[in-house]
Amino acid sequence: MATSDTRPLVERGRLTSFAAVGALLILWHLVASTVLAGTHLLPGPIEVVDGIIRDWQFYPRNIVATGSVAIRGFLFGNLVAVVLAFVCVLIPRSEGPIMQVAVIAYAVPVLAIAPILVVLLTGDTARVVLSALSVFFITLVGTHAGLRQADRTSLDVIAAFGGGRMAQLVKVRFWACLPYLFAALRIAAPSALLGAIIAEFLGADRGLGIALVVSEQNLNSVRTLGIGAVTAAIAGAAYWLVGLVGRWATPWAPSSEVSS
């Protein structure tokens with residue numbers, strides 16, 4: 001929970017955020033209704049919301065399709081990242097090769113390897129892998145940084161009592177890395193959704209990504225922006241939910257006090 005000293009700062013930050021979003025919506029409405037009026041290039045926010053309400057039957061099945069891939073990619077990518085971060089600590093010699101491979105995997109554009117995965121894998125497995133790749137590097141770096149921030153005195157105490165690297169990992173490093181891990185997961189949640197949507201550009205039966213492509217091809221700007229708004233809302237909700245879990249799981253972390 002936020003202390004009495006930080007609560008006014010948090011409240012001012014929230015008011016500033018709401019004011020910024022409100023100003024952007026007003027600006028969007030003014031531009032759509034004046035500068036671009038009659039061009040059908042930029043529907044206003046009211047028109048977009050009205051389109052979402054009219055198409056309410058269109059969204060659930062596509063959200064479920066994309067969400068299923070994003071959730072599996074989020075779980076798989078983060079699990080592999082955390083395990084490899086632990087391996088880097090337990091086997092120091094493995095840190096260099098693991099990080100080099102991680103950087104290469106992060107640097108290669110998703111769309112460059114997507115066709116290969118589509119050919120090699122069946123069903124929606126390729127999309128899950130692409131979603132997992134979108135979160136892997138973020139969580140690996142965040143977890144690894146947290147593990148290395150463990151208190152040196154506590155590590156020395158474990159070693160003095162005969163504990164090895166595994167004991168240090170379980171009793172000290174793991175708890176030290178939790179705030180870093182949840183910070184990485186908070187960023188990874190929207191990234192998993194983005195990876196799933198990008199993967200659908202290569203072909204899918206249903207999903208927000210393929211629906212976005214179809215609406216763009218049909219020049220349906222209202223539905224295109226509606227899909228974008230729904231996607232942004234889901235990504236924001238995922239970001240907030242992971243942050244909420246992180247604040248609950250790491251009440252001792254200073255960052256959780258500031259952001260609560």
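How many nonpolar, polar and charged residues are there, by class, in the lining of the largest pocket?

1. In this predicted model, the lining of the largest pocket comprises, by class, 17 nonpolar residues and two polar ones, with no charged residues. The space in this pocket comes to about 390 Å³, and among the 19 residues that line the pocket, those closest to its centre are Ala70, Ile71, Phe74, Ala189 and Ala238.

2. As to where the lining comes from, at least two residues each are supplied by helix H3 (59-90), helix H8 (165-200) and helix H10 (221-249). Of the contributions to the lining of the largest pocket, that of H3 is the most, at seven residues.

3. Helix H4 (residues 95-107) can be checked for length: its 13 residues, at 1.5 Å a residue, should span 18 Å, and this agrees with the 18 Å that separates its end C-alpha atoms.

4. The burial pattern of H4 deserves a separate remark. Ile98, Met99 and Ala102 are buried in this helix, and because the buried residues of H4 fall within an arc of 95 degrees when seen down its axis, they line one face of the helix. An α-helix has 3.6 residues a turn, so residues three or four places apart point the same way. On the other side of H4, by contrast, Gln100, Val101, Ile104 and Ala107 are exposed.

5. Finally, the packing partners of H4 should be noted: its buried residues pack against H3 and against helix H6 (125-147).

Technical notes
Residues are numbered from 1 along each chain as its sequence is written. This is a predicted model: local features need pLDDT of at least 70, side-chain atom pairs count only at pLDDT 80 or more; totals for chains, interfaces and linings use all residues. Side-chain values use heavy atoms; hydrogens and water are left out. On a 1 Å grid over the protein atoms alone, a cavity is a set of points where a 1.4 Å probe fits but cannot get out, and a pocket is an open set with protein on both sides within 12 Å along at least five of seven lines; lining residues have an atom within 4 Å of a point. Grid points are joined across faces, edges and corners, and a volume is the space filled by probe spheres set on the points. Helices (H or I, at least four residues) and strands (E, at least two) are DSSP runs, numbered from the N terminus. Ala, Val, Leu, Ile, Met, Phe, Trp, Tyr, Cys and Pro count as nonpolar, Asp, Glu, Lys and Arg as charged, and the others, Gly among them, as polar. The expected span of a helix is 1.5 Å times one less than its number of residues. Buried means under 20% relative accessible area, exposed over 50%, partly exposed in between (1.4 Å probe, protein chains only). The arc is that of the directions from the helix axis to the C-beta atoms. Contact means heavy atoms within 4.5 Å.
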